[in-house]
Amino acid sequence: MTSDFSDPVAPVNPIDSDAPDAPDAVAWCRAFTRKRARNFYYGLRLTPEPKRSALYAIYAFMAKCDDLADGEAALQKPVPERAADLDAFQTRFEAWAGHVDADADPAATTGPPFPDEPFWPALRWAWRTYQLDPAIARDMLDGQRQDLHAPRFATFSDLQAYCERVASTVGRACIAVWGHTPGEDAERLAVRRGLAFQLTNILRDVRDDARAGRCYLPSDELARFGVTPEQLRDGAGSPGFLDLMRFQIDRARAHYTASDGLDAQIDADCRAASAALARLYRSLLERIARDPAAVLRKRVRLGWVSKLAIAGSAARRARRARAVSSGP
């Protein structure tokens, strides 16, 4: 079967001359993103270069930070040691970020926070080129600290604050690279979309999280529907569980709808990527909605055919938009 999904712009070398080893770093980040974030990777493929490579580097950085909190190696350490690792990382990150715009290589004076990780040259290029706000990393690290303690959220307001730290930060980074209309509206919409994505992930992973001692669904809503974390862990479905899931699905849908205006505010060459990511995650939510109890039996996924179809449709729309804008 042939696919209409191809990179909309031929790859280029996005790296400036002050990071001669960065092409290898970009290649590593691309492979890492493809392995770790299948849905996200398919959406990012529609971003033209050099923005695409910048987002691979940013994703690799954020994923490695997440690994400090609950990666396979981190989970072998006690919580206080993992907390100390996150604090030490943030101290070095702040020093690194403070030098990243300087002419001198910040690694020469501060060292990168992960000296042995291959993504740093690419990240430095991305950070400088797109002038990322260090607050994005700070907020994301605050979310990782919450994850250290098997968080429980009393209300949705508490959960929303957590989601904005661990997921909406990704949206904020994406629109910084994609480019958007000036003002705060695009960032507000990106925060809403990141929240929708994270709620979708929480519903998909509800059983696996419960088995790991975590429950992200608000405690007051669990009580309202008569569902316990132990039932989620054991895969014990009930009418109350189905009602709970439908309630959460409707909430996630509302956040997707509230973020619909984001794509129009993204720079034209990146609208296809933004739209494809939204369709990928919303399609996953709708797959869960067709059989909410399935999340207690297995990890619900989108098949690769569905992913290619969504990305291919977005790529065709992007090509038509470019043809219209370029004129006869």
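Me: Which residues of helix 8 are buried?

Reply: The buried residues of helix 8 are Phe156, Leu159, Tyr162, Cys163 and Val166. Buried means under 20% relative accessible area, exposed means over 50%, and partly exposed lies in between (1.4 Å probe, protein chains only). Helices (H or I, at least four residues) are DSSP runs numbered from the N terminus. Please note that this is a predicted model, in which local features need pLDDT of at least 70 and side-chain atom pairs count only at pLDDT 80 or more, while totals for chains, interfaces and linings use all residues. Residues are numbered from 1 along each chain as its sequence is written, and side-chain values use heavy atoms, with hydrogens and water left out.

Me: Why do those buried residues of helix 8 line one face?

Reply: Seen down the axis of helix 8, they fall within an arc of 120°, so they line one face of the helix. The arc is that of the directions from the helix axis to the C-beta atoms. In general, an α-helix has 3.6 residues a turn, so residues three or four places apart point the same way.

Me: What covers the buried residues of helix 8?

Reply: The cover includes helix 7, helix 9, helix 10 (185–204), helix 12 (219–225) and helix 14 (239–258). Contact means heavy atoms within 4.5 Å.

Me: At what angle do helix 8 and helix 10 pack?

Reply: They pack at about 105°, and their axes are 9 Å apart. Axes are lines fitted to C-alpha atoms, for helices over the stretch in contact, and angles run from 0 to 180 degrees between N-to-C directions. That makes helix 8 roughly perpendicular to helix 10, a term for angles of 65 to 115 degrees. Among the residues making the contact are Phe156 and Tyr162 of helix 8 and Leu195 and Ile202 of helix 10.

Me: Now helix 7. What does its buried side pack against?

Reply: The buried residues of helix 7 pack against helix 3 (51–70), helix 4 (79–99), helix 6 (120–130), helix 8 (156–166) and helix 9 (168–178). These buried residues are Ile136, Ala137, Met140, Leu141, Gly143, Gln144 and Asp147. They fall within an arc of 155° seen down the axis of helix 7, so they line one face of the helix.

Me: Which residue caps the N-terminal end of helix 7?

Reply: Asp133 does, with a side-chain oxygen 2.9 Å from the backbone nitrogen of Ala135.

Me: Changing topic, what about Gln131: buried or exposed?

Reply: Gln131 counts as exposed, at 68% relative accessibility. It is found in the loop between helix 6 and helix 7. Gln131 also has a positive phi of about 50°, although it is not a glycine. Most residues other than glycine have a negative phi, and most peptide bonds are trans.

Me: Which peptide bond is cis?

Reply: The bond from Glu49 to Pro50 is cis, with omega near 5°. Pro50 lies in the loop between helix 2 (38–44) and helix 3.

Me: And where is Thr47?

Reply: Thr47 is in the loop between helix 2 and helix 3, and it is buried, with a relative accessible area of 0%. Its side chain and that of Trp178 are joined by a polar contact of 3.1 Å. A polar contact is a pair of N or O atoms within 3.5 Å; within protein, one must be able to donate a hydrogen and the other to accept it, and residues adjacent in sequence count only if both atoms are side-chain atoms.

Technical notes:
Helices (H or I, at least four residues) and strands (E, at least two) are DSSP runs, numbered from the N terminus. Angles under 35 degrees count as roughly parallel, over 145 as roughly antiparallel, 65 to 115 as roughly perpendicular and the rest as oblique.
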